[in-house]
Amino acid sequence: MHAFGPAPACALSVLLLLVALWRVGSTEVHSLQGSWRLSNGNGSLVLGGDVPGCVHTALLRHGLIQDPYYRFNDLAYAWISLDNWTYSRDFKTPFDIRTWQKVSLVFDGVDTVAQIVVNNVTVGRTDNMFNRYSFDITNVIKEVNAIHVNFVSAVWYAAEQSKNHQAYKVPPECPPPVQKGQCHVNFIRKAAAPETWWPRGHGNQTGYNMTTTFIAEGGCKIEKHSKVYFRTVELVEEPIPGSPGLSFYFRINGLPIFMKGSNWIPADSFQDRVTSKRLRILLQSAADANMNMLRVWGGGIYEQDEFYEICNELGIMIWQDFMFAVALYPTDHSFLDSVRAEITHQVKRLKSHPSIILWSGNNENEAAIAYNWFSIPSAKKSVYADDYVTLYVKNIREMVLAEDETRPFITSSPTNGLESAKEGWLAHAPYDTHFGDNHYYNYVSDCWDWTTFPRTRFASEYGFQSWPSFSALSQVSSEEDWFYTSNFSLHRQHHANGNDQMLHQAGLHFNLPQEGDPLKNFKQSIYLTQIMQAQCIKSQTEFYRRSQSEIINGEGRTMGALYWQLNDIWQAPSWASLEYGGKWKMLHYFAQRFFAPLLPVAYEDKDALYIYGISDLHADYELTLRVSLHDWGLTEPVCTLAKEGVLIKGGAAVPIYKEPISDLLKQCGNCTRQSCVVTFSLEGEEELSSPSNYHFLSSLKDAVGLKNPQLLASVTQEGDQFQIILEATAIAPFVWLDAGNIPGRFSDNGFLLTEKRRVILFYPWETTSAKELEKSLSLTSLTDIS
C-alpha cells in the first residue's frame with residue numbers, strides 16, 4: 001500500500017495547550033501522550049494504543065497481527081486501512097479551569113482524516129497530516145474529560161474526494177500496477193509510504209537519496225547529496241505487572257526489540273591506521289554474528305562518519321556514549337565551555353544517522369559516585385555529586401535535548417533511568433536489577449552456574465578475557481616470550497590478575513595443559529582460554545535471552561545483551577571476540593549461534609533439564625524440537641526424542657521442554673552424566689530451523705569415553721570462497737580450525753562435532769589459494785590438550 005503506507009491512523013502527537021489572556025506570557029502546556037484506548041469501526045476490537053503510535057503497531061504489540069512486512073502480509077492486512085479507527089481516553093484537567101480565559105487542544109500531526117470530539121462535542125476536524133491543528137475547547141473542557149479521535153479510512157476518503165471532483169480528471173487516478181499502491185493519492189494530504197529503516201533481522205535498511213540545492217546571490221549554485229532515513233525509537237520505562245521497578249527496553253518503529261550485540265572500542269591506538277576496509281571487516285563481522293546493536297564506549301572516541309554510515313547500511317543500532325568514563329570531571333567555566341562546544345558539534349554531526357538510537361552521558365560515573373570508587377570522604381561527596389549534575393544534566397543533557405529531540409537520553413551507564421532522575425540523577429544503587437541497565441563481571445564464581453548472573457532489565461556490559469591467537473601474538477613478540485608466565489605475557493596483560501583468572505575459570509571444567517614443551521603449553525593455554533571465554537559468555541547470554549519474557553521474584557524482562565567487548569586495540573589478552581585486525585576468536589563464532597534469531601537454550605534446575613524456545617521473529621510458528629543424547633565414545637546418537645507442534649512465540653522466550661535428568665538418561669540406555677552430552681535443535685522449513693545447541697551434563701574434565709577424533713581436512717576452491725571437508729572418527733568438542741596468517745573467517749568454528757563428516761566454508765578477506773590455505777590450516781579439538 002505504497003500510496004498511504006501501512007498505518008492509516010497514526011496519532012503522531014497530541015498536546016493540551018492552555019493559554020491565559022489575563023497575564024502576558026502566562027501559558028501552560030500539558031501533554032496527553034501516553035496510553036489511550038483503540039477501537040475499530042464496529043467496536044469488535046478494543047485494545048490499548050499508545051500516542052504517539054499507529055494502529056498496525058498496536059495490533060502487532062497485542063499479538064493480533066503478525067509482522068506487516070513479512071511475505072504477503074501487506075495484502076493480508078489491507079483490511080486495516082479500509083476500517084475506521086478511534087483513539088480515546090479520559091483525562092483530568094490539570095488546573096483550575098475558572099482561572100483561564102482560553103484553552104486549546106493542539107495536534108502536532110494527525111494521520112489524516114479525523115473528527116475530534118471532546119465531552120461529546122465535535123470541536124474540529126482534520127484532513128491534512130502535515131498541518132498543526134489547534135482547536136478552542138474553552139467552553140467544552142470540564143474537570144474530568146473524555147476525548148475521542150475518530151479516524152476515517154484514508155483509502156475510502158480519497159476515493160470519495162476523487163468521485164466528487166467532477167469538473168475534470170486529475171491524473172493519475174491510480175499508480176502503475178508494479179507499484180502496488182492505492183488510487184487517488186493526489187486527493188488527500190497524506191505521506192506516501194516511505195519505507196522505514198529497520199534494525200538488522202527485523203526489516204530492510206531503506207534510505208532515500210536527497211539533493212539539497214543552495215543558490216547564492218549572483219546565481220552561484222551549491223548542491224549537497226545526502227541520505228534520508230525514516231524510523232522512530234522509544235526507550236520504554238514503565239511499570240511491569242508483578243514486579244517492582246520499571247522496564248527498560250527499546251521500541252523501534254513501534255516494535256519491541258531484544259538488543260543483541262557488544263561494546264565497541266577504538267579499532268587502533270593510531271586512528272590514521274583505521275582504514276575503510278578495517279571498519280568494514282569489523283562491522284560486517286558484528287552483523288554476520290547476528291548482532292543488531294553496538295555500544296560505542298565512553299572511554300574511546302566519537303567514531304568517524306564512515307563508521308556510522310556502515311552501521312546505517314548494515315542495520316546495526318548504536319548506543320552512543322559521550323566520551324566520559326570511570327572518572328570525575330571538573331565543572332569550571334573553561335571546561336564546561338569546551339564540553340558544550342564538543343557536544344554541540346558531535347550531536348549536529350551524528351544526529352542524521354538512523355543507526356544511533358540512544359545518547360548516554362557517560363560510562364559508569366553514576367556508579368563511581370554511588371559506590372565511592374575513588375574513596376571520597378563523606379563530607380566532600382556532595383561537591384562531586386553537584387559537579388555530576390552540573391556536567392551531565394544541566395549541560396550535556398540540556399544541550400542534547402535542544403539539538404535532538406528524536407532520541408532518548410540517559411545520563412549514565414549503568415543507570416536506573418527514570419528512578420535515577422527521581423533520586424536527583426544519582427541513584428543510591430544504580431546496579432539495581434529492577435531498573436535500567438547493568439554492568440556485571442565475576443571472574444571467580446563458576447560461569448556455568450546461571451544462578452550467579454543478575455536477572456537485569458538490560459545487560460549492557462559483561463565479559464571474560466581470553467588470549468588472542470598465537471599467529472597474532474607472534475607478530476609482536478619473539479621466541480623468548482612464548483610461554484604463559486613470560487615477562488611479555490605479564491606486560492601485555494592490563495587487567496589485575498587477569499592471566500590467573502583465565503586459568504582459574506578454565507580449570508573449573510577443563511584439564512589444564514601439562515606439556516613439557518613451553519611453546520606447546522602456551523598454544524594449548526591460548527586455546528583453552530578461548531574455549532573458556534566463549535563458553536562463559538554463551539552461558540550468560542543464553543540466560544539473558546531466556547529471561548526476556550518472564551518475571552521471577554520481581555526480576556526479569558531482560559531486553560538486551562551487549563557483552564564486553566567486540567574488537568581489540570592491539571594484540572593482547574582482552575575481553576574482545578575479534579582480535580586486533582578482525583580475526584574471529586572462538587567467542588565470535590559462539591555469538592553467531594547464541595544470537596541466532598531462532599534458538600533453543602537449555603539449563604538445569606533441581607536436577608531437571610529445561611529447554612526454552614527463543615525467537616526474534618515477528619510471528620508465531622509451530623516447529624519440531626529434536627533432543628538427542630550422544631555417547632562420547634560413539635559416532636551415532638544413543639537416542640533421539642522428537643516433540644512436534646512446539647509453539648515458538650514471536651519476539652519471546654518460552655519454556656518448551658522439561659525432563660528430570662535421571663529420566664532422560666534412563667530413556668537412552670547406558671548414558672550417564674559423564675559419558676553423554678545432550679544436543680537439541682528446532683526444526684521447520686529451512687529458513688525456520690535453529691542452530692544445533694548442546695548442554696554438558698558434567699565438566700569436560702570428568703567426561704568418560706572421549707577419544708582422539710583423528711581430524712582430517714581437504715580444501716577446494718569454489719569461486720571466491722573455499723570448501724573444507726572435515727572428517728572425524730569420533731565426537732569432538734570445540735573443534736577449532738585456524739588459517740594462521742591468512743585473513744578471513746570460517747562459516748562455523750569452535751563447534752561440537754557429532755558427525756563423521758562436515759562441510760565448512762572459508763571466506764578470505766584477501767586473495768589466497770587452496771594450496772596456501774591447506775598449508776596454513778591447523779585443526780585442534782579438546783582431546784589434543786595434554
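A disulfide is here a pair of cysteine sulfur atoms within 2.5 Å. In this predicted model, that rule gives a count of four disulfides. One of them joins Cys 447 to Cys 536, and with -70 degrees about the S-S bond this link is left-handed.

**Disulfide Cys 447–Cys 536**
- The sulfur atoms of Cys 447 and Cys 536 are 2.0 Å apart.
- Distant parts of the chain are linked by this pair, which is 89 residues apart: Cys 447 sits in the loop between β26 (438–440) and β27 (459–462), and Cys 536 belongs to helix α14.
- Cys 447 and Cys 536 are both buried.

**Disulfide Cys 639–Cys 668**
- Cys 639 and Cys 668 form a disulfide with an S to S distance of 1.6 Å.

**Disulfide Cys 671–Cys 676**
- Cys 671 is joined to Cys 676 by a disulfide, S to S 1.9 Å.
- The link of Cys 671 and Cys 676 is left-handed, at -80 degrees about the S-S bond.
- The cut-off for buried is under 20% relative accessible area; Cys 671 has 8% and is therefore buried.
- Cys 676 has 1% relative accessibility, so this residue counts as buried.

**Accessibility of two further cysteines**
- Cys 220 counts as partly exposed because its relative accessibility is 44%.
- Cys 311 is buried, its relative accessible area being 0%.

**Sheet β42-β40-β44**
- Three strands, in the order β42-β40-β44, make up an open sheet with antiparallel pairing.
- β42 (751–753) and β44 (778–780) each have a single partner strand and stand at the edges, so one side of each has no neighbour in the sheet.
- On average, neighbouring strands of this sheet are turned by 40 degrees against each other, direction ignored.
- Two bridges pair strand β40 (residues 732–738) with β42 in the antiparallel sense.
- Ala 732 is opposite Leu 753, a residue of β42.

**Helix on the sheet**

Note on methods: Residues are numbered from 1 along each chain as its sequence is written. This is a predicted model: local features need pLDDT of at least 70, side-chain atom pairs count only at pLDDT 80 or more; totals for chains, interfaces and linings use all residues. Side-chain values use heavy atoms; hydrogens and water are left out. Two strands pair if DSSP finds at least two bridges between them. Helices (H or I, at least four residues) and strands (E, at least two) are DSSP runs, numbered from the N terminus. Axes are lines fitted to C-alpha atoms, for helices over the stretch in contact, and angles run from 0 to 180 degrees between N-to-C directions. Buried means under 20% relative accessible area, exposed over 50%, partly exposed in between (1.4 Å probe, protein chains only).
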